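Reader: I would like a close look at one part of this model. Please keep it brisk and take me through the packing step by step.

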Amino acid sequence: MEGGISMNLENKFKNYFKQRELNQENVNQFITRNINSVNRCSYYSFINKVNNLLTEYDREDLKVDSREREYQKKCIREVVLLDRKDVIGICETFINYVDKFIVYALFSGILGKEYADLTNVKVEDVSPDYKTIKLKDKTIECDVYMQYLLKNVIREHNYDMNVKDTVHSICVYDYNMESPYIIKVKPTKRNRNGLNPITKVGIQIRLKKLTSQLHGTKYENVNLTGQILYKSHIIYKMHTIDTHWTIDKVRQFLKTNNYIGDTAEIRRLYFMRYRK
């Protein structure tokens with residue numbers, strides 16, 4: 001087996017079967033215990049590696065069919081794709097306008113390489129009427145909800161670290177309002193007293209925290225990541241344009257709009273979300 005992930009899996013496999021008989025029941029248990037809540041690509045990769053190990057152990061009779069529905073049901077976490085109404089509903093569960101902005105901005109296609117478009121967007125990039133946001137290589141047209149968020153996030157002076165409906169809010173920190181960025185950070189020595197932009201890791205950590213805040217709401221199955229919100233944006237825009245998407249049409253759509261994504265996957269996600 002090659003690579004860190006494969007070697008780790010091989011070690012887990014060896015350790016698991018040191019004290020267990022190598023039979024179908026135990027193979028099934030090994031799979032379900034070591035892989036869950038993953039996407040389809042990771043699932044198929046994992047099953048293939050397990051089957052390769054079984055070949056090495058001369059137990060091809062125990063190979064697993066990755067198409068088996070029971071395995072897929074237990075192991076695969078289907079991506080929950082969102083439309084505009086979903087995203088606005090999610091945003092309204094948060095108490096800080098900056099959190100609402102981060103989520104809605106990603107859904108609006110403000111991402112960039114390593115989140116650069118989002119982390120580097122400045123107050124001066126927003127038009128006086130809040131109708132556009134100028135990025136490095138494109139201009140974002142802002143809908144009514146984005147305009148509402150921009151008006152408020154630019155004026156927001158502090159960040160409340162508590163979740164909505166908390167009786168006492170004592171975990172609050174003030175922004176350094178000299179920061180030129182829309183997404184301001186907690187002032188520390190490491191970020192020049194809040195003047196530096198938020199980092200990619202900072203965005204990812206924030207999204208994880210926001211995802212946890214959805215627990216107990218009707219959106220608790222949603223996993224907020226940059227890619228999910230970005231892809232949701234792409235297929236939602238497709239949905240507003242047409243209802244019949246061939247591979248060629250999707251490819252041309254992605255190219256015309258400078259979207260990054262696998263053509264076949266985007267088409268599959270579109271039909272999964274809007275053509276049930």
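Author: Gln-147 counts as buried, because its relative accessibility is 16% and the cut-off for buried is under 20%. This is a predicted model. Gln-147 sits in helix α8, which covers residues 144-155. Leave out residues up to four places away in sequence, and Gln-147 touches Asp-129, Tyr-130, Lys-131 and Cys-142.

Now turn to helix α12. Helix α12 has twelve residues. From first C-alpha to last, α12 reaches 16 Å, close to the 16 Å expected at 1.5 Å a residue. Its buried residues are Thr-263, Ile-266, Leu-269, Tyr-270, Arg-273 and Tyr-274. Seen down the axis of α12, these buried residues fall within an arc of 130°, so they line one face of the helix. An α-helix has 3.6 residues a turn, so residues three or four places apart point the same way.

What covers that buried set? The cover for the buried residues of α12 includes α5 (84-91), α10 (226-241) and α11.

Take α11 next. Helix α11 spans residues 247-256, and α12 spans residues 263-274. Their axes come within 9 Å and cross at roughly 105°. The two helices are therefore roughly perpendicular to each other. On the α11 side, the contact is made by Ile-247, Val-250, Arg-251 and Leu-254. They meet Thr-263, Ala-264, Ile-266 and Arg-267 in α12. By class, this contact has five nonpolar, one polar and two charged residues.

Key. Residues are numbered from 1 along each chain as its sequence is written. This is a predicted model: local features need pLDDT of at least 70, side-chain atom pairs count only at pLDDT 80 or more; totals for chains, interfaces and linings use all residues. Side-chain values use heavy atoms; hydrogens and water are left out. Axes are lines fitted to C-alpha atoms, for helices over the stretch in contact, and angles run from 0 to 180 degrees between N-to-C directions. Helices (H or I, at least four residues) and strands (E, at least two) are DSSP runs, numbered from the N terminus. Angles under 35 degrees count as roughly parallel, over 145 as roughly antiparallel, 65 to 115 as roughly perpendicular and the rest as oblique. Contact means heavy atoms within 4.5 Å. Ala, Val, Leu, Ile, Met, Phe, Trp, Tyr, Cys and Pro count as nonpolar, Asp, Glu, Lys and Arg as charged, and the others, Gly among them, as polar. Buried means under 20% relative accessible area, exposed over 50%, partly exposed in between (1.4 Å probe, protein chains only). The expected span of a helix is 1.5 Å times one less than its number of residues. The arc is that of the directions from the helix axis to the C-beta atoms.
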